[in-house]
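Subject: Handover of a structure and the findings on it

Dear colleague,

Please find the sequence and structure below.

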Amino acid sequence: MDFSQIIPSLPSLWDGMKLTLQLLVLAVAGGIALGTVLALARMSSNAMLSGLAKAYVNYFRSIPLLLVITWFYLAVPMILNWITGEFVAVGAFTSCLVAFVMFEAAYYCEIVRAGIQSISKGQINAAYAVGMTYSQAMRLIILPQAFRKMTPLLLQQTIILFQDTSLVYAVGLIDFLNAARARGDIMGQSHEFLIFAGAVYFVISFGASSLVKRLQKRLAV
Amino acid sequence: MNYNWDWNIFFKSTGIGSEIYLDWFVSGLGWTIAVALVAWIIALLLGSVLGVMRTLPGKALPAIATGYVELFRNVPLLVQLFMWYFVVPDYLPEPLQTWFKQDLNPATSAYVSVVVCLALFTAARVCEQVRTGIQALPKGQSAAALAVGFSIGQTYRHVLLPQAFRIIIPPLTSEFLNIFKNSSVASLIGLMELLAQTKQTAEFSANIFEAFTLATVIYFVLNMSLMALMNLVEKKVRIPGMMGGAK
């Protein structure tokens, strides 16, 4: 084992990590936004709307993330082409981001739904009683409370997503793992770079989940 | 752009031997099931042992199990797979190393790596479920068992585990389904399971949408049937008198 080349390679590994983090932040933001919309749709009294949302969630929860990533990589450029009628160059980053947002939204949806359902009915009734509309009640009363309750679960899902971003390896995006693989091959220390990458993922995930656990204890009533 | 929709593509010749594309999907599904089932059996056994260890009195055994869970839960699956496929074989003792690298054909050595990887990865999750199941039981159960003279081993075998396993069937079901989905990472080290066959079909035939639609349908149906099966099991073994249990 010879880890000597890791220090000189840190800048290029950091480039990979930047891509990983970029993808993570955008995917989490998009996933939670779409997931919240889905959760509201699922709890809607409109049977068609809730049926559609339920089908969406069941669909994405029963197929592998890797399948979605691979499919979207091939399909997103074609679909955009059909819509716009001209050839649009879509990078692997965009198609991966779309795949992550759509896939993770199904998981975030279930967390948000559980969060909203844990708020007592009196809250929404009171909001209606003082004359709020549905959107005001949700935006000002229910969602702020629900999000506070489900923060630990959302963060845990985000840690899982952080680990899952490594799957973009499948479409050749140079994220942290792929940067480590490529650098390791060039330097002839592929084992060491892989172990280093694993250690970095471990430290970040472990540190983050320990923080989440502490947060959970503090939030617990 | 023109895309030639052709849903008959699955019955057309691949141009390799007398195979049709559907044959590829069938063999891919076979590999997926072969990976998932074997890995699941190992994960269930190892995870149960670890789960019991985490609830035992004393310091060393619970600490080992906790360390295992933290390690395997905080490293991405793909990194673990690369470790088992690229790194670990180089550190095996001599006869094993030659066997893995030279005697096994490439598909088999990829298969062995994936099974080991998924089994150890999933065992950490099974461990947590088993631990939760045991800890969910009233303290009186183990106290009563010990009071009537059961040893610790007997308490676990006859009192705690039979109840714990029945409580945790729903979360275990989702781990069971996950192992099928996670087995798709095998495509990244060249094992021709379902996803790899789908990609190959998409590349050979250029009928991307048909190929991926069929793969999605297969995963979906597989998921639904396994879920139905586990619901049946859950109903069969439900503990009477518990919430949602038989009358």
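Which residues does Val35(B) touch, not counting residues up to four places away in sequence? Val35(B) touches Tyr111(B), Val114(B), Val115(B), Leu118(B), Ser183(B), Ala186(B) and Glu193(B). Here, two residues are in contact if their C-beta atoms, placed from the backbone, lie within 7 Å.

Two remarks on conventions are needed. The model is predicted: local features need pLDDT of at least 70, side-chain atom pairs count only at pLDDT 80 or more, and totals for chains, interfaces and linings use all residues. Residues are numbered from 1 along each chain as its sequence is written, while chains are lettered from A and ligands numbered from 1 in the order in which they are written.

Chain A

Chain A has 8 helices and 0 strands; helices (H or I, at least four residues) and strands (E, at least two) are DSSP runs, numbered from the N terminus. The C-alpha trace of chain A spans about 70 × 50 × 25 Å along its principal axes. Of the 221 residues in chain A, 37% are buried. A residue is buried if 20 or more other C-beta atoms lie within 10 Å of its own, exposed if 12 or fewer, and partly exposed in between, with C-beta atoms placed from the backbone.

The contact between the chains

The contact takes 29 residues from chain A and 28 residues from chain B. On the side of chain A that touches chain B, helix H3 (65–84) and helix H8 (190–219) each supply at least two residues. H8(A) gives the largest share of that side, 11 residues. The residues of this side of chain A divide into 19 nonpolar, 10 polar and no charged. In this count, Ala, Val, Leu, Ile, Met, Phe, Trp, Tyr, Cys and Pro are nonpolar, Asp, Glu, Lys and Arg are charged, and the others, Gly among them, are polar.

Chain B

Ile218(B) is found in helix H10 (residues 208–237) of chain B. Is Ile218(B) buried or partly exposed? Ile218(B) counts as partly exposed because it has 18 C-beta neighbours inside 10 Å. Not counting residues up to four places away in sequence, Ile218(B) touches Phe25(B), Leu29(B) and Leu194(B). Ile218(B) and Phe25(B) are 193 residues apart in sequence, and their C-alpha atoms are 9.1 Å apart in space.

Yours sincerely
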